[in-house]
Amino acid sequence: MGRKKNGCPEEEKACCSHASDDTDRAEGGSSKAPGAGDLGATIWYYFSMGAGLTSFSRFAGCGAKLGAGLLDKALCGLSQRAYPDLIADFRHSEDAGVLRLNESQALIHTVDFFPPIVDDPFLFGRIAAVNALSDVYAMGGKPSTAVCIVGFPTDSLDVEVLQRMMEGGLSALQEADCPLVGGHTVEDGELKFGYAVTGLVDPDRVWLNNSLKGEERLILTKPIGTGLVTTAEKAGLASPEALAAAIESMRTLNRTASEILAGSRVNACTDVTGFGLLGHACEMAADSPCSLHLSARSVPLLPSALDYAAMGMVPEGTYRTRTFRMPFIINHAAVDDDLMNVLFDPQTSGGLLAAVDSAQADQLVEKLRSAGVSANVVGETVPGKGMVELV
Amino acid sequence: MRKTIDAKGLACPQPVILCRKALREADLDEIEMVVDNEAARQNVIRFLKFVGAAEPVVESRGPVHAILARVSVAMRDKARAGAPAPGCEDQDQGVAPGEQFAAKTMLLSSDQVGRGDEDLGRLLVRGFLQTVIEMDRPPRALVLMNSGVRLATEREETIELLKKIESRGVEVLVCGTCLDFFHLLDRLKAGRVSNAYEIMEKFLGPDGVVTVS
């Protein structure tokens, strides 16, 4: 997904976009593992250096992603005949493809895989699964099945590593009540891991990205800054608190958030991934009969994310998305340069950005919070023409 | 002194890591960073300003940018503050300047680190030993007790790491009683057999003891 509707080059793709955006990513970073018990993140940080999975990736940061130019060339002009039951295909900039099966069910289909973003195999597997499942939740659906996709370097990694990744992935799939039904492995010079996931949704209640009506408020369900923290970690500068918070966020399913949001009317929804919060907000506003107000100061940030932006720990994709999206943003002056880079920070396994009925927003946030979701109202729709205004 | 660092072809955050490392390691008057992508250009400038540089001078030729900044003492101090970058860790406790070792004895009393998950524990111990090798100032001594002796006898990958640690001048002491208990006395491949008296001397000596459990 992630194409503009004509399927032709237009969009400068952000680094680390989720793979239903057709692309891979490699973000540096190591991690405090779940089940590490009393081990502090600091200790893990020192131990993981030079020993973990990310050191097996040739690519630093976002280098693994297929370049935007190449991808655009490959997809330009690609079209298929009209299928009457198709709700979203590769030409739409949606989180996943959707096909109507019958009156009450539509199939959601998505795929997502990437090189290691953390050093611990269990955690990497888990985050890969959480990230893949997220596209289903972002469409308002429930995951049905998952198949695993693995590229594995048998000469440099022990098969135990694969086993741990599978276990990590399975821990997330089980939490999502989504059976693992198979997979495919290939021998690969570099480790890659992820899932293709299907899900079901009521065809009348598919949450599209850009179907705003004009009477909504925006709820964000996770803090932002994972790209900055994992980049700082790769540079050996991430604090244990920041790293632990980023990992906790990345390993958390969007299931609870999606289910609670489904209890009220959601007019548009996406998960915050490769384009960063502002990039996805722009995508949501595009072609809408309204504009968005985004209240930069009410956006929750991971600890130290702003500091890392000031220190130049900015992933490459941030700059590309920024350049591409700036024309659609009003009032740049409302936020300083560093905060702007956090707002554009590409997220791995980010939260949901949902546009809900204004009247229900406060109550929803309260419900989400009492269920343990870090939810905040970060903006609202205003009269306008598909722009995002920073306030 | 002026130093030029060629960071062409490197993805973020590598150019910034190199820049920081250069500022930390040498008393430079000027630093020039050569990069060949826009993200690296912006990030290096951002970092230089973060540590207090005046607006750096940038010369661009096509995609290649040469970023030149004057380095002040304050900048060097700021680059040296905070968490160490990989490969240039500083010990800041109990070490005289120029000292080759940290004044510490490290005790590993298990073949794993932490409790909760055995696989993770083994992965951690490997990472731990690897990191000891990479420290600018490694501990003066490493003591293996209880199942920790397996690291020097049965596990190939940790044996290699322990050998490297020894080659950095770190004393690796392996508890003889423990080797005997596990019937591993004849299989010691790294470090040397030690006894309770010597180990106790280490524990009670002036160097601090760090227990990794």
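Mentor: Helices (H or I, at least four residues) and strands (E, at least two) are DSSP runs, numbered from the N terminus. By that rule chain B has seven helices and nine strands. This is a predicted model, in which local features need pLDDT of at least 70 and side-chain atom pairs count only at pLDDT 80 or more, while totals for chains, interfaces and linings use all residues. Residues are numbered from 1 along each chain as its sequence is written, and chains are lettered from A and ligands numbered from 1 in the order in which they are written.

Trainee: What makes strand 3 of chain B lie largely in the open?

Mentor: A residue is buried if 20 or more other C-beta atoms, placed from the backbone, lie within 10 Å of its own, exposed if 12 or fewer, and partly exposed in between. Of the five residues of strand 3 (residues 57-61) of chain B, zero are buried, so the strand lies largely in the open. Over chain B, with its 213 residues, 39% are buried.

Trainee: Why are strand 3 and strand 4 of chain B said to pair?

Mentor: Two strands pair if DSSP finds at least two bridges between them. Strand 3 and strand 4 (residues 64-70) of chain B have five bridges in the antiparallel sense, and Val58(B) has Ile67(B) in strand 4 as its bridge partner. The two strands form a hairpin with two residues between them, and Gly62(B) in the turn has a positive phi of about 65°.
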